[in-house]
Amino acid sequence: MSDSTLPALDAYLVELEEVLAPLGDSERREILQEIRAHLIESAAAETGAEGQRAASAIRKLGSARVVGQASLSESLLERRFHLVETRI
């Protein structure tokens, strides 16, 4: 897979960024970078044309909305757990 950006990947990351808007810039960027790297790696392991491989990687990961909501939930749980730890 080339380093060129694929429209499907861009669209996915834009939607994911919208879902992650409640997070701070640093945390949001970190999640976006991790998801982008995962999708590129996953697509590289697929067969077929670049666009098909990217679409397959996105399908396997799940919708940007679901992935984003899971990331938000995880972040909130980590914050809550951290608050509880500091109070103990």
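Predicted model: local features only at pLDDT ≥ 70, side-chain atom pairs only at ≥ 80, totals over all residues.
**Entry 1: helix 2.** I began with the extent of helix 2, which runs over residues 25-44 and has 20 residues. From its first C-alpha to its last it reaches 28 Å, close to the 28 Å expected at 1.5 Å a residue.

I then listed the buried residues of helix 2: Arg-28, Ile-31, Leu-32, Ile-35, Leu-39, Ser-42 and Ala-43. Seen down the helix axis, these buried residues fall within an arc of 100 degrees, so they line one face of helix 2. An α-helix has 3.6 residues a turn, so residues three or four places apart point the same way. On the face turned away from the buried side I found the exposed residues Gln-33 and Glu-41.

**Entry 2: packing against helix 3.** I next examined helix 3, residues 50-61, whose axis lies 8 Å from that of helix 2. The two helices pack at an angle of about 120 degrees, and helix 2 and helix 3 are therefore oblique to each other. I noted their crossing as right-handed. Helix 2 makes the contact through Ile-35, His-38, Leu-39, Ser-42, Ala-43 and Ala-44. Helix 3 contributes Arg-53, Ala-54, Ala-57, Ile-58 and Leu-61.

**Entry 3: Glu-46.** Leaving aside residues up to four places away in sequence, Glu-46 touches Arg-53, Ser-56 and Lys-60. For Glu-46 and Ser-56, I noted a C-alpha to C-alpha distance of 7.6 Å and a separation of 10 residues in sequence.

Conventions
Residues numbered from 1 in each chain as written. Heavy atoms only, no water. Helix = DSSP H or I, 4+ residues; strand = E, 2+ residues; numbered from the N terminus. Expected span 1.5 Å × (residues − 1). Buried < 20%, exposed > 50% of the residue type's maximum accessible area, 1.4 Å probe, protein only. Arc of directions from axis to C-beta. Axes fitted to C-alpha atoms, helices over the stretch in contact; angles between N-to-C directions. Parallel < 35°, antiparallel > 145°, perpendicular 65-115°, else oblique. Left-handed = near helix turned anticlockwise from the far one by under 90°. Contact = heavy atoms within 4.5 Å.
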